[in-house]
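Here is a short report for a first look at this structure. Keep the view open while reading.

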Amino acid sequence: MNKVSPVPANEIDQWDHSHEFPVRRWIGRNSIINAGLIAASIVLAVFVSPFFLLLWPVAIVLDDLALLAFRFSIFNADEGVQACYRWQNLFMTGSTNAGRDLGFNLFDGDVNKPLSQAQSDKWDFMLDQLGLQAGDRLIDIGCGFGDWLNYAKSKGILVTGVNISDEQAHVGRQLYGLDVIRANWKDIMNDPDLKKRLLGKFDAVTLMDTIEHYAHAADFRVEGKVEAIYEDLFDLCNELIDSKSRIGRVFLSCIHWTEENPRTPEGPERNWTWVDTFSGLLMIRTYSGFYPRGPMGLVRNAADHFNEICRKDRTEDYRYTAVIDRNHFQAPKFLWTFRKVLYMPIFFILDPHFAHKWIGHNALGIKLDAWMRTYGENYDSLTFDADYRARVSHVQLWWIVLQAKKTEVQ
Ligand SMILES: C[S@@+](CC[C@H](N)C(=O)[O-])C[C@H]1O[C@@H](n2cnc3c(N)ncnc32)[C@H](O)[C@@H]1O
């Protein structure tokens, strides 16, 4: 059990590139519905009754209730993922090249480690587990800004990224000179060019804190849909791996709900409240995803092609990174610039869940800490204690290494 003082928030944006993206590329189903609702509210308020001004907020709240109660929503969840990273990209400070990636750092109980050391320790652990050497080929799905790929590239590894986010893919190319494909991984098997370019071409696949976005809350309404998404993911990973590779491994990092349902807690320390439910809704709307349940909730769908060869619980490292780095997306402090203020009305019109993002991240000075609450009681403690966290947290962060059966030495 260790304790240390937090690192102060950075005072400047390290990499602000929002101006490179024309707003017209942000328009999709969700923005059209949202802008339409706002326009209808205003027109009806002017010509019929001022009460119609409530049409837009009531419609958004009803859609939230439908998601909670029936797992139904009129909004497209993959567009929600893109909107999430567009928002982070513009409004959060030091999103990349800031001594950490878009996941978390590896302290492993050593709280005196500087952030940058804890970051490279994480990447060195991954290189070691994967057995990657100069000249080996790596693909990272959901590659964020490409910080990990850039590190691997510095070790002579041949790297490719896949990312659904326009903005992040662009930064990965511009800032690090990486080969980043702007795509939803779910479309790869339907695209002949991408199949030709990617299938059977890699020694290792990484999926770092991205799988949480792949199955959406509404997908749980359809029996078997979530399992099918994870099966497709592992089918793709298997197809990406060269069957003659001496490595043939997948490294994944993914938050899971604990086995028991948090609303029916087992044991006195795991306590789920209505504030947690509200926070959960805000997180689903912000990040547009949902966690697999239980330690096997994800990888049981990999069994056709892979054997699990290593597993580590890194929940406390994830939580702790946010506690000592107040720029971290789990509990960030926002620094305001004139341009950010100018972007506010555009986001308001184009993003139906703009308010959810702010409320979940402590807007208006209300400390909700929606993300951090999933770690259970004392979620902002400066003490690093993995055993305690395992008892109280509603979530567990698993690092899992899988070996492709087709590359196993007989
Ligand atoms: C929390 S970030 C993690 C980024 C990076 N792996 C890291 O650890 O720094 C999640 C990433 O997954 C990407 N992503 C989410 N859904 C995706 C999808 N369906 N296809 C490709 N990328 C996706 C997001 O755009 C984002 O870059």
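## The nonpolar core

The largest nonpolar core has 81 residues. Those that touch the most other members are Leu 138, Ile 139, Ala 152, Val 205 and Val 250. Strand S9 (residues 395-404) gives this core its largest share, seven residues. Keep in mind that the model is predicted.

Take Leu 138. Beyond its neighbours within four places in sequence, Leu 138 is in contact with Leu 132, Ala 152, Ile 157, Val 159, Phe 202, Asp 203, Ala 204 and Thr 206.

## Around the ligand

The ligand is surrounded by 23 residues. Asp 101, Leu 102, Gly 142, Gly 144 and Thr 210 are the closest. Helix H3 (77-91) and strand S3 (158-163) are the elements that each give two or more residues to this shell. Sorted by class, the shell has ten nonpolar, nine polar and four charged residues.

## Helix H2

Helix H2 covers residues 55-70. At 1.5 Å a residue, its 16 residues should span 22 Å. The end C-alpha atoms are 21 Å apart, which agrees.

Trp 56, Ile 60 and Leu 67 are the buried residues of H2. Seen down the axis, they fall within an arc of 35°, so they line one face of the helix. An α-helix has 3.6 residues a turn, so residues three or four places apart point the same way. Helix H1 (29-47) is part of what covers the buried residues of H2. The face turned away from the buried side carries exposed residues: Val 61, Leu 62, Leu 65, Ala 69 and Phe 70. After H2 comes Arg 71, with a positive phi near 55°.

Technical notes:
Residues numbered from 1 in each chain as written. Predicted model: local features only at pLDDT ≥ 70, side-chain atom pairs only at ≥ 80, totals over all residues. Helix = DSSP H or I, 4+ residues; strand = E, 2+ residues; numbered from the N terminus. Expected span 1.5 Å × (residues − 1). Buried ≥ 20, exposed ≤ 12 C-beta atoms within 10 Å, placed from the backbone. Arc of directions from axis to C-beta. Contact = placed C-beta atoms within 7 Å. Near = placed C-beta within 6 Å. Nonpolar A, V, L, I, M, F, W, Y, C, P; charged D, E, K, R; others polar. Core = buried A, V, L, I, M, F, W, Y, C linked by C-beta atoms within 7 Å.
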